[in-house]
Structure formats: C-alpha cells, structure tokens
Amino acid sequence: MINKVSSVEELRAEKARLQIKKESLEDSIKDDVHSIKESLNPFNLLKGNAQNKSDENGILNKLFGTSLGFGLDFFVRRLFLKKSGFLKKAFLSLVINTLGSKVFAAKSGAILVDS
C-alpha cells in the first residue's frame, strides 16, 4: 500500500512501521523453515508413519526389515568374511539377508515405536 508522506515525522513513522512488519515477517519465515525442517527429518517421518498409520499390509515393516537385513549383511561381510571365498560369501550373504529381513521385519514395529 502506497501512502503519500507529507512530513518528515510521517516518513519516520512509516519507516518504523515497515521495519516492525519486516521483522515480524522474518520471524514467521524462520518459524516456517524450522517446522519444515522438523517435518522432513527422516527419523520423524518413519516414527510418524509407524505411529499414525496402522500399516495394514506391512509395507513399512518389510522395508525396515529389508534395510536392516542389508545393513547386517554388509557389516558381516566386511568384518567376518573378508578373506572368504566367493561361494561362502554368496551363500552366507543370502542366508543373512533373508533371515535378517524376516527377523527384523517381524520386530520392526516394536523397534520403531520404542525409539
């Protein structure tokens, strides 16, 4: 809104009003950015999905279990199977990944809600 200023006092008052408006808008933007950062945090997304949705078909449990299974497989191969042969690595990797995914998928509801 454009106001016609007729005196120096009105100009100073308008400048002060605009400065206050600018500060309030900046605070509002900072609050919005903070709330967006919190809502996009991956841990909050997983936790919110686990608590807010009933997860009837278990997609979240399967996804979480599979990711933990892959992580377990990665660490076991790096730590224990460094110098093993190809067949041993492939077989144990398959077993660890399959069993780890099944076990973690079964327990992921408790893991996500407790954390």
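Mentor: One term before we start. A salt bridge here is a side-chain nitrogen of Lys or Arg within 4 Å of a carboxyl oxygen of Asp or Glu. Keep in mind that this is a predicted model.

Trainee: How many salt bridges turn up in the whole structure?
Mentor: The search finds one. Glutamate 14 pairs with arginine 17. Their closest N and O atoms are 2.5 Å apart, so the pair falls within the 4 Å limit.

Trainee: Why would two such side chains pair at all?
Mentor: Side chains of opposite charge can pair when their charged atoms come close.

Trainee: Where do glutamate 14 and arginine 17 lie?
Mentor: Both are in helix α1. They are three residues apart, about one turn of the helix.

Trainee: Is glutamate 14 buried or exposed?
Mentor: Buried. Its relative accessible area is 18%, and the cut-off for buried is under 20%.

Trainee: And what about arginine 17?
Mentor: Arginine 17 counts as partly exposed, because its relative accessibility is 39%.

Trainee: Let's zoom out. What's the overall fold pattern?
Mentor: The protein chain reads α-α-α-α along the sequence. That is four helices and zero strands.

Trainee: How much of the chain is buried?
Mentor: Buried residues make up 17% of the 115 residues. The chain exposes about 9600 Å². Carbon and sulfur atoms supply 65% of that area.

Trainee: Pick glutamate 26. Which helix is it in?
Mentor: Helix α1, which covers residues 8-39.

Trainee: How accessible is glutamate 26?
Mentor: Its relative accessibility is 37%, so glutamate 26 counts as partly exposed.

Trainee: Is lysine 102 buried or exposed?
Mentor: Exposed, because its relative accessible area is 59% and the line for exposed is over 50%.

Trainee: How far is lysine 102 from glycine 69?
Mentor: Their C-alpha atoms are separated by 8.2 Å. Along the chain, lysine 102 and glycine 69 are 33 residues apart.

Key:
Residues are numbered from 1 along each chain as its sequence is written. This is a predicted model: local features need pLDDT of at least 70, side-chain atom pairs count only at pLDDT 80 or more; totals for chains, interfaces and linings use all residues. Side-chain values use heavy atoms; hydrogens and water are left out. Helices (H or I, at least four residues) and strands (E, at least two) are DSSP runs, numbered from the N terminus. Buried means under 20% relative accessible area, exposed over 50%, partly exposed in between (1.4 Å probe, protein chains only). Accessible areas come from the Shrake-Rupley method with a 1.4 Å probe; for residues, only the protein chains shown count as cover.
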